[in-house]
Every structure is written in structure tokens, then in C-alpha cells.
Amino acid sequence: MGAPGRNDPCTCGCKQKYKHCCGRLSQNRSERKQYADSSKTLREKNLALLSAAIDIFDLNRPWDTVKRRICGAQVREFYEFVARLWPLSTDLLSILPEPGSSLRALYLGEYAPELIVKNVCRFGLYADEIILINPFENPNRIAE
């Protein structure tokens, strides 16, 4: 069977046109791969993660539209990016910011959106920088 056409239903079964789902993902995959491999500092990794999420889930649309159109192919693509960005060999200590005069906080709490806003904003009153532990399971540590 050949590759689907741009206006054909997507092969992942999400009921969208191929061009709006897996077709768009495959176009940007090599660019994201290069970006994940070149990210060295914690800041670069965070920026790469945000950029990938915006690109993969097309977050420049209204949130209701984003939620309706999320499909398995997008989730898979995002976790593949996270796995490339955070290989198990990552030396976490080496990418933390150097000690300085700014006061830092480490947030280890809940990741429910309403709790993050409440708790992290509260920390913001007392700290110049807040480091959050990654809320995503590292795909390198879970079974396919």
C-alpha cells in the first residue's frame, strides 16, 4: 500500500486528514531530532521541549481545538522527542545552572495544572528561579 495522500484520512486512525496529523509530524521530525541532539544546557533542553510541544500539538490554536485534535501519533512523537532530549546517559549535575547570587527553589510537588499555578506562583514570591522536576516519565525507562 502506498503512502496516503495529503487529503486522505490519516493512517493512525484519528479521523483527521493526513496533512493535519502524521503528514505534518513527519515533515518536522528531522528538524526536531537535530534540535534535541544539540541541546546541551538545562535552558536549551527546556526551550527545545516547549518548541516541540508547540510544534507537535499545534498549540497556536484555541485550547478546545487542541484537545479535540490530539491523537496517538502526536503523543508518540512527543515522547520520542522527550526520549531523545533526555537519554539515560544525561549527566544531570553538569547541566544544572552554576551557583550564583540568585535564590533558587526546587519544586517537587504535584503537577496538576491548578496546583502548579497555586504552588509555583507562591514560590515565586521567595525565589528568583524555580526548578521543576520534569513531569513526564522518561520514555527510556518505560516499556513500549
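**Entry 1: strand β1**

I started with strand β1, residues 104-107, where the side chains alternate. Ala105 and Tyr107 point to one face and are buried. For burial I used relative accessible area, with a 1.4 Å probe and protein chains only: buried is under 20%, exposed is over 50%, and partly exposed is in between.

**Entry 2: ground rules**

This is a predicted model, so I kept local features to pLDDT of at least 70 and side-chain atom pairs to pLDDT 80 or more, while totals for chains, interfaces and linings use all residues. Residues are numbered from 1 along each chain as its sequence is written, and side-chain values use heavy atoms, with hydrogens and water left out.

**Entry 3: the overall layout**

I listed 6 helices and 2 strands. Along the sequence the pattern reads α-α-α-α-α-β-α-β. Helices (H or I, at least four residues) and strands (E, at least two) are DSSP runs, numbered from the N terminus.

How many of the 144 residues count as buried? The share is 29%. I also looked at contacts, meaning heavy atoms within 4.5 Å. Among contacts between residues at least 6 apart in sequence, 55% join residues at least 24 apart. The protein exposes about 10,200 Å², and carbon and sulfur atoms supply 56% of that. Accessible areas come from the Shrake-Rupley method with a 1.4 Å probe; for residues, only the protein chains shown count as cover.

**Entry 4: the strand pair**

Back to β1. I found it paired with strand β2, residues 129-132, in the parallel sense over 4 bridges. Two strands pair if DSSP finds at least two bridges between them. Which residue of β2 is the bridge partner of Ala105? I read off Ile130.

Arg104 lies in β1 and Glu129 in β2, so the pair ties together parts that are 25 residues apart in sequence. Arg104 is partly exposed at 29% relative accessibility. Glu129 is partly exposed too, at 32%.

I counted 2 salt bridges in the structure. The criterion is a side-chain nitrogen of Lys or Arg within 4 Å of a carboxyl oxygen of Asp or Glu. In general, side chains of opposite charge can pair when their charged atoms come close.

Asp58 forms a salt bridge with Arg61, with the closest N and O atoms 3.2 Å apart. Asp58 sits in the loop between α2 and α3. Is Arg61 buried or exposed? Arg61 counts as buried because its relative accessibility is 19%. Asp58 counts as partly exposed because its value is 27%. I flagged the backbone here: Asp58 has a positive phi of about 50°, although it is not a glycine.

**Entry 5: the nonpolar core**

I looked up the largest nonpolar core and found 13 residues. Those with the most contacts inside it are Leu49, Ile56, Phe78, Phe81, Val82, Leu85 and Trp86. The elements giving two or more residues are α2 and α4 (72-85). The largest share, 7 residues, comes from α2. A nonpolar core here is a set of buried Ala, Val, Leu, Ile, Met, Phe, Trp, Tyr and Cys residues joined through side-chain atoms within 4.5 Å.

**Entry 6: the surface patch**

Leu47, Leu50, Ile54, Leu59 and Trp63 form a nonpolar patch on the surface. Together they have about 480 Å² of accessible area. Patch residues have over 30% relative accessible area and no salt bridge; nonpolar side chains (Val, Leu, Ile, Met, Phe, Trp, Tyr) are joined within 5 Å, like charges within 9 Å. Helix α2 gives the most to the patch, with 3 residues. Trp63 is in helix α3, residues 63-69. Trp63 counts as exposed because its relative accessibility is 53%.

**Entry 7: two long-range pairs**

Arg43 lies in helix α2, residues 42-57. At 62% relative accessibility, Arg43 counts as exposed. Its C-alpha atom and that of Ile95 are separated by 8.7 Å, with the residues 52 apart along the chain.

Pro87 is in the loop between α4 and α5 (92-95). Pro87 counts as partly exposed, at 33% relative accessibility. How far apart are the C-alpha atoms of Pro87 and Asn140? I got 6.9 Å, for residues 53 apart along the chain.
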